[in-house]
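Subject: Structure handover and notes

Hello,

Please find the structure below, followed by my notes on it. Could you look through them when you have time?

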Amino acid sequence: MELKAAADRLFPADAGVRRLAAELYAAVADAPIVSPHGHVDPRLLLDDDPFADPAALLVTPDHYVLRLLHAHGVPLDALGRGPAGSSAPRDVWRAFASHWHAFAATPVRVWLEDTLQNVVGLDRHPSAGNADEQFDAIAAWIADPASRPRRLYERFRIEVLATTDDPADDLAAHRALAADPSWHGRVIPTFRPDRYLDPSAPGWRQALDDLTAASGIETGTHAGLIAALEDRRAFFRACGATSTDTGVVEAWAVRAEPAELERIHAAARAGDVPASDAAAYRAHMLWELARMSSEDGLVMQLHPGVLRNHHAPTLQRFGPDTGHDLPLPTAYSVPLRELLRDFGTHPSFRMVLFTVDETAFSREIAPLAGFYPSVFAGAPWWFLDSPDGIRRYREAVTDSAGFGKTSGFIDDTRAFLSIPARHDVARRMDAGWLATLVATGRLPEAEAHAIAADLVGPLPRRVFRLDA
Amino acid sequence: MELKAAADRLFPADAGVRRLAAELYAAVADAPIVSPHGHVDPRLLLDDDPFADPAALLVTPDHYVLRLLHAHGVPLDALGRGPAGSSAPRDVWRAFASHWHAFAATPVRVWLEDTLQNVVGLDRHPSAGNADEQFDAIAAWIADPASRPRRLYERFRIEVLATTDDPADDLAAHRALAADPSWHGRVIPTFRPDRYLDPSAPGWRQALDDLTAASGIETGTHAGLIAALEDRRAFFRACGATSTDTGVVEAWAVRAEPAELERIHAAARAGDVPASDAAAYRAHMLWELARMSSEDGLVMQLHPGVLRNHHAPTLQRFGPDTGHDLPLPTAYSVPLRELLRDFGTHPSFRMVLFTVDETAFSREIAPLAGFYPSVFAGAPWWFLDSPDGIRRYREAVTDSAGFGKTSGFIDDTRAFLSIPARHDVARRMDAGWLATLVATGRLPEAEAHAIAADLVGPLPRRVFRLDA
Amino acid sequence: MELKAAADRLFPADAGVRRLAAELYAAVADAPIVSPHGHVDPRLLLDDDPFADPAALLVTPDHYVLRLLHAHGVPLDALGRGPAGSSAPRDVWRAFASHWHAFAATPVRVWLEDTLQNVVGLDRHPSAGNADEQFDAIAAWIADPASRPRRLYERFRIEVLATTDDPADDLAAHRALAADPSWHGRVIPTFRPDRYLDPSAPGWRQALDDLTAASGIETGTHAGLIAALEDRRAFFRACGATSTDTGVVEAWAVRAEPAELERIHAAARAGDVPASDAAAYRAHMLWELARMSSEDGLVMQLHPGVLRNHHAPTLQRFGPDTGHDLPLPTAYSVPLRELLRDFGTHPSFRMVLFTVDETAFSREIAPLAGFYPSVFAGAPWWFLDSPDGIRRYREAVTDSAGFGKTSGFIDDTRAFLSIPARHDVARRMDAGWLATLVATGRLPEAEAHAIAADLVGPLPRRVFRLDA
């Protein structure tokens with residue numbers, strides 16, 4: 001089947017609304033991309049090597065793609081995961097291409113179509129029949145110097161790209177990039193301290209050792225851990241970071257007493273921490289991260305409500321990020337009450353709340369963002385990062401939070417090639433929503449144009465303090 | 001920008017559906033307003049004084065307006081809250097007008113546009129540039145005798161307006177109004193016993209003293225409290241009340257033993273009530289309120305699921321109703337099971353269930369209203385009282401409860417000027433939903449017209465027993 | 001009012017989308033009906049007797065109809081429930097017809113209109129005025145040999161009809177039907193072991209005795225119960241069953257130790273089982289059912305989250321299935337984690353997850369179906385089995401699960417006459433959704449046609465292993 005993305009795709013069906021959406025979209029379609037949250041490896045742009053092969057480019061590392069293929073019976077071994085060399089790239093591509101129907105009507109299909117047609121330049125849908133031919137075509141495209149990461153960064157009109165980094169990371173790639181006179185882009189780190197928050201997690205003690213090594217500050221005590229994190233935040237800020245990111249199962253943020261924290265810290269170092277102590281420690285750490293943000297101004301992103309690695313056998317065999325992280329019912333207003341009591345109106349504090357439980361948009365996130373000056377409703381994320389998810393997000397948050405208290409789109413991706421496609425989907429859906437508001441008399445057309453322009457650049461730059 | 005509310009605003013975008021919606025709306029657009037639930041002070045109509053000033057009229061008392069301005073960084077001091085005189089009305093209006101963009105696409109904007117254009121008679125959107133000029137224009141409008149509350153009551157075609165009143169209230173204003181030969185409207189009280197339900201609340205003992213003073217019945221015992229409440233209900237009924245209203249955090253209604261209740265009552269009087277006792281007492285009180293309703297026929301409105309005063313520092317400094325009451329996940333079917341076992345099919349009992357957790361509409365409220373003759377699905381309320389909220393409400397409740405088991409619109413407002421705008425939004429959205437049902441072959445057009453007419457008058461009069 | 005179902009009913013309002021929906025629908029409108037889950041009594045088709053009377057045909061046994069009439073104040077006695085003979089069929093029909101407005105815009109109305117017009121051949125909406133006339137007309141229709149169940153089975157183009165059956169059932173009706181040379185349809189049993197799962201349920205000991213009688217296997221021990229269930233599954237399979245069905249309040253499935261299970265089993269036989277033991281036993285039984293499915297290949301349907309018989313007085317007087325079973329908030333990912341750890345990637349295991357809590361579609365069910373090859377997102381069920389419910393289902397599950405990991409429509413009905421109407425609604429709504437996807441550039445038209453065709457036959461046959 002011919003691969004031909006419609007020029008007016010994703011706009012509302014009504015002709016009048018569609019025309020208006022197209023106009024709103026046209027004015028922002030080519031605006032530079034501000035990407036304040038994602039998972040691209042900075043070395044990709046530092047090294048600027050060609051991509052490895054079509055499977056490694058488009059299939060194997062993308063957990064959105066993996067999970068749907070797996071759901072349709074393709075084992076992860078056949079997709080390039082598991083013991084190295086267990087599947088040749090060409091075989092991976094064949095498996096992918098012959099299951100193209102599995103993606104029908106999903107956001108993955110929308111992104112892939114846009115990428116394959118408009119970035120890679122294919123003209124047919126993948127299929128079992130054309131798998132080899134397309135594999136070769138993509139390999140040839142990869143070999144073209146114009147397909148190197150830096151050239152694509154420019155072609156994609158990326159203005160700023162935030163990565164996600166461990167506090168113990170030396171940010172060597174970021175520093176080298178910034179020092180490279182031939183590089184004119186902007187790649188900034190994001191401080192992600194997840195490994196240090198849970199004293200009952202298997203890797204916690206190792207993480208503390210890593211942090212000590214990176215900071216030169218002893219982390220044998222809770223006070224030491226806090227000091228070391230503060231030290232690394234300063235380093236991250238010096239390297240261009242403007243925000244932090246934290247993923248937690250539950251958003252509880254409750255201050256604990258220093259003595260209590262030291263007691264738990266010491267017990268956890270000794271490998272013995274009861275669940276209730278670990279929970280109290282984690283809740284305090286979330287509060288501390290807010291306290292630090294109120295002092296250093298790093299924007300605090302919070303992603304609660306994900307149950308990681310649901311299927312233990314797959315985790316054991318294939319590692320994490322293999323498609324079985326799952327959403328949980330998620331609360332915000334009650335667990336974050338103490339944190340917001342202490343920092344919610346602090347002028348330096350800023351918090352972006354994300355969710356994969358969409359019931360929270362109208363019930364908790366928008367009402368919080370509609371009162372606290374520090375709180376912003378994060379863009380729909382992960383399972384909700386789809387045309388319909390974006391529409392439902394706007395319908396759910398606009399009533400209580402308007403546009404100005406939303407975060408602007410974040411692509412959250414490790415699939416470098418999909419960045420423009422993802423931003424394009426958001427721009428189209430926002431244009432459609434704005435057009436609907438105009439068509440139903442809820443927004444003057446001039447104001448809709450101003451908002452559309454704000455959403456793709458000025459707003460995320462303000463929210464994430466990218467101009468500071 | 002010109003202020004020009006579109007005649008066909010809020011109708012569906014499709015031309016055919018819109019035409020039909022416009023027809024359905026036209027037939028009810030000017031119907032009298034039945035307002036069975038709200039928070040207007042009856043003294044407004046008794047005294048019939050001119051409104052104080054533009055800020056006091058449109059900004060300072062409206063927590064919908066305050067919360068969004070606060071979210072955009074305007075401190076409440078600058079909006080007329082806090083120590084008296086801390087901000088001049090003109091400065092409040094300037095702050096409001098210069099943040100007009102904060103309301104873009106929110107329901108607050110829809111109400112304000114309608115009010116400013118069609119009630120006050122302005123012709124431009126508020127802005128920093130025209131703030132002084134509009135302030136003066138509104139002040140002039142206020143000074144016009146035609147802008148007095150009673151004249152507006154008539155102009156708004158209000159047929160009945162229910163207020164919200166404490167059981168200890170002497171309803172002097174209601175009685176004086178009713179006795180005033182120059183007054184031809186209908187303002188009725190609503191019995192709101194919230195202060196008497198929770199023996200662990202700080203004001204409970206004072207409330208009991210107030211109730212004793214009002215009723216002449218000793219409330220030192222639980223039995224006395226019940227008797228005093230029953231006495232006041234009779235008084236409220238004599239003053240025209242047809243319903244009660246109760247706001248609770250959780251909807252548990254479970255009967256307790258008299259001895260147990262007396263024990264808790266006595267302990268609470270002595271200032272010592274454990275949380276579990278307080279919860280049991282509250283749950284029993286909700287059951288008692290239903291029992292009383294089954295006997296005296298007052299319609300029982302229930303508003304569970306709001307966490308009041310989320311931000312303690314703002315409560316301390318500015319008091320309640322300052323924009324940080326927030327929705328909680330809310331359950332109905334399980335907590336109300338015992339109450340409905342005892343009164344759900346009682347011919348005199350009637351209960352209207354409201355929610356700010358919209359997931360409850362299709363999962364709990366509509367299924368309950370679709371079985372129990374006594375239960376009605378309350379209109380979308382507070383955070384959900386918006387064009388999209390109303391649409392989602394209809395989509396969620398019609399399947400299981402149709403139209404006849406819904407409450408009809410309630411405006412729930414303390415902003416007198418916004419009453420017509422709010423009812424107009426509901427009429428438009430219901431017309432659009434009915435038009436969609438006709439256009440998709442789910443409802444004959446004649447039946448849609450009959451339902452539209454029923455929704456704005458006969459239905460709420462039946463549900464709230466206003467004709468009894 | 002004339003009864004005239006619009007040919008393009010339920011399609012989206014936009015003319016272009018509607019045209020496309022009509023084309024997609026036309027290609028599947030007359031496709032045979034695959035009904036892998038329902039509650040029709042197999043004796044209906046074995047005996048092939050005429051239906052009793054209009055009330056018994058369309059009103060009395062249908063809890064969707066009963067509940068809305070009851071909600072509008074019609075007592076169940078007046079609808080043919082309660083002591084036999086308490087209401088004449090004609091009086092029941094009069095009560096129903098005079099409350100026709102109660103069904104306005106509900107799915108019940110859609111089904112009834114289609115049935116009355118297209119199956120029974122009426123040409124007016126029921127009303128108080130035509131109740132007697134329509135009662136007689138329906139009675140005459142019933143008397144027509146063409147209205148016998150087997151003739152209707154053919155007329156409805158039913159290809160396969162699954163019933164729901166107790167493991168102790170001898171399936172005599174199924175076997176007799178299969179052996180009847182004059183019968184050419186396919187009616188298959190479904191294994192529903194609910195009575196055997198909860199050792200604290202009043203009927204559990206009787207159920208075990210029944211199972212022993214049916215299987216000849218002693219159920220005095222837990223091991224015996226398991227063996228007896230396995231024996232009956234084999235019998236059901238031999239009689240054509242391809243799936244099981246289980247309704248639970250919560251979906252917990254957690255393995256317990258044999259000794260523990262025997263202890264609880266013995267205590268429960270003695271009538272003494274604490275709630276926590278009963279919960280552990282139930283959770284283990286759900287795990288066992290999955291284990292059995294992984295071994296014998298029967299597809300496991302799971303329906304959690306229903307609170308049965310909410311109104312105790314109605315249960316006492318009128319028995320179960322009288323309209324007051326109600327949805328509960330329902331979780332899947334956490335409670336099913338152990339079950340899916342053990343069987344989620346087992347090649348023989350298959351599980352279809354249903355819900356009446358629609359928040360679970362995008363948050364839990366679609367993400368599970370989008371990773372586990374064994375999991376399928378069940379069609380919207382019961383309270384959600386409506387035009388809008390189906391649309392919201394597709395919008396919520398397609399992102400994470402596409403079409404291929406959904407179950408295909410199931411009618412779940414005991415109202416034989418409503419089967420074609422229910423499948424027709426699903427076909428129309430799916431055609432509308434596919435048309436919307438095409439119109440918004442998310443799906444090529446050819447692929448939409450292929451999916452529409454797949455959904456009505458091949459897909460449910462694959463999912464429910466009907467061709468095995």
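In chain A, R422(A) sits over the face of W111(A), 3.8 Å from the ring centre. R428(A) is placed likewise over the face of Y25(A), at 4.3 Å from the ring centre. A charge is taken to sit over a ring if NZ of Lys or CZ of Arg is within 6 Å of the ring centre and within 35 degrees of the ring normal.

This is a predicted model, in which local features need pLDDT of at least 70 and side-chain atom pairs count only at pLDDT 80 or more, while totals for chains, interfaces and linings use all residues. Residues are numbered from 1 along each chain as its sequence is written, chains are lettered from A and ligands numbered from 1 in the order in which they are written, and side-chain values use heavy atoms, with hydrogens and water left out.

Aromatic pairs

Rings of Phe, Tyr and Trp (for Trp, its six-membered ring) pair if their centres lie within 6.5 Å; planes under 30 degrees apart count as stacked, over 60 as edge-to-face and the rest as tilted. By this rule there are 54 aromatic pairs over all chains. One of them is the tilted pair of W93(A) and F96(A), with 4.8 Å centre to centre and 50 degrees between the planes. Both residues belong to helix 5 (residues 89-98) of chain A, where they are three residues apart, about one turn of the helix. Helices here are DSSP runs of H or I with at least four residues, strands are runs of E with at least two, and both are numbered from the N terminus. W93(A) and F96(A) are both buried (under 20% relative accessible area; exposed is over 50%, partly exposed in between; 1.4 Å probe, protein chains only). Together with W100(A) and F103(A), W93(A) and F96(A) form one aromatic cluster.

F361(C) and Y393(C) make an edge-to-face pair, at 5.0 Å centre to centre with 75 degrees between the planes. F361(C) lies in helix 16 (residues 359-369) of chain C and Y393(C) in helix 17 (residues 387-401) of chain C, so this pair ties together parts that are 32 residues apart in sequence. F361(C) and Y393(C) are both buried.

Strands

Two strands pair if DSSP finds at least two bridges between them. In chain A, three strands form an open sheet in the order 1-2-3, with parallel pairing. Strand 1 (33-35) and strand 3 (187-188) of chain A are at the edges with a single partner strand each, so one side of each has no neighbour in the sheet. Strand 1 of chain A is joined by three bridges to strand 2 (residues 158-162) of chain A, and S35(A) has L161(A) as its bridge partner in strand 2.

In chain B, strand 5 (residues 299-304) has six of its six residues buried. V299(B), Q301(B) and H303(B) point one way from this strand, and M300(B), L302(B) and P304(B) the other way. Six bridges join strand 5 of chain B to strand 4 (residues 243-248) of chain B, and the two run parallel; T246(B) has L302(B) as its bridge partner in strand 5. Three bridges join strand 5 of chain B to strand 8 (residues 351-353) of chain B, also parallel, where M300(B) is partnered by M351(B).

Symmetry

Chain C can be laid on chain A with an RMSD of 0.0 Å by a turn of 120 degrees and a shift of 0.0 Å along the axis (least squares on the C-alpha atoms of residues with pLDDT of at least 70 in both). That is the relation of a three-fold axis.

Regards
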